[in-house]
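Hi everyone, thanks for coming. Let me put the structure up, and then we can walk through it together.

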Amino acid sequence: PRTMPKDIMADTLDSCQEMQDRNPVENDPGSGEKCVYKNELTEWRWNLRNESLQRMRNIFALGETVLDIIFKNNQPFAAKAGGACLNSSVTLGRLDLPVFFIGEYGLDEVGSLIDKFLKENNVSTQYVYRYYDGKSSLALAFLNANNDASYDFYKIYPVNRLNIDFPEIQADDIVLFGSIYAITPEVREKLLGFIRQARKKKAVIIYDPNFRKQHLHNLPKLLP
């Protein structure tokens, strides 16, 4: 469903109320009818609301998920869901925007932590593939004295990846994708098919390369 952010809706309705308060119209005792102006204003307010609801864009963020386990002084001290587009979707969800995450993680405890984190931050997981023949990905982040991180990744994916029915895109919807996930051979064809469909429907498409130093060893085979 397309919904307007609560703060915008409140501001719109407050502005309408101020207009009404500044322009009082008394009932005409001879006509026996209620205030025409106020009736028209009420109708205008609902028309504005309905038009705004219909105009709201859905946002689809497509990317990798990991559980980041953070080490400092050789000891783990925090664990949290991560991934470039996942982080973006969470930020958008916290703004009460209609955002859907498209991705994959396992039917395991780690996957349940990621799933719960997304839902708690108002991100729909309707288009997430939860697999049983693999494990959710882990990223071990080791912080140095300057809090700069180096990473080790542990990934056990199923043979069949991103096995979902992709959403129907509408004009002006927003699609965000990127990072190493966008060029992963096992999901690339499905991802490209979705992006081409989004482009055909005139969605707004945002690509975030997010290519990091730990991926440099893959650069020769990733270049066109």
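**The covered strand**

Let's start with β8, which is covered on both faces: I174, L176 and G178 are buried on one side, and V175 and F177 are buried on the other. By buried I mean under 20% relative accessible area, while exposed is over 50% and partly exposed is in between, with a 1.4 Å probe and protein chains only. The strand is mostly covered, with 5 of its 5 residues buried. In a regular strand the side chains alternate between the two faces of the sheet.

Before going on, a word on what you are looking at: this is a predicted model, where local features need pLDDT of at least 70, side-chain atom pairs count only at pLDDT 80 or more, and totals for chains, interfaces and linings use all residues. Residues are numbered from 1 along each chain as its sequence is written, and side-chain values use heavy atoms, with hydrogens and water left out.

**The sheet around it**

So which strands make up the open sheet, and in what order? There are 5 of them, ordered β5-β4-β1-β8-β9, with parallel pairing. The edges are β5 (123-131) and β9, each pairing on one side only. On average, neighbouring strands here are turned by 20° against each other, direction ignored. Two strands pair if DSSP finds at least two bridges between them. Helices (H or I, at least four residues) and strands (E, at least two) are DSSP runs, numbered from the N terminus.

On one side of β8, 4 bridges join it to β1 in parallel, and A61 has L176 as its bridge partner in β8. Toward β9, β8 runs parallel over 5 bridges, and here L176 has I206 as its bridge partner. Further along, β4 (residues 99-106) pairs with β5 in the parallel sense over 7 bridges, with Y127 in β5 as the bridge partner of I102.

**Helices on the sheet**

Two helices deserve a look. Helix α3 (residues 84-94) lies across β1 (59-62), β4, β5 and β8, and runs at about 140° to β4. Helix α4 (residues 109-120) lies across β4 and β5, at about 165° to β5. For these angles, axes are lines fitted to C-alpha atoms, for helices over the stretch in contact, and the values run from 0 to 180 degrees between N-to-C directions. Contact means heavy atoms within 4.5 Å.

**Two loop residues**

Now for some backbone detail. Most residues other than glycine have a negative phi. N147 has a positive phi near 65°; it sits in the loop between β6 (135-143) and β7 (149-156). D172 also has a positive phi, about 75°, and lies in the loop between β7 and β8 (174-178). Are they buried or partly exposed? N147 is partly exposed because its relative accessible area is 42%, and D172 is partly exposed because its value is 40%.

**The whole protein**

To finish, the overall numbers. The protein has 6 helices and 9 strands, and 38% of its 224 residues count as buried. Among contacts with a separation of 6 or more, 69% are between residues 24 or more positions apart. Happy to take questions!
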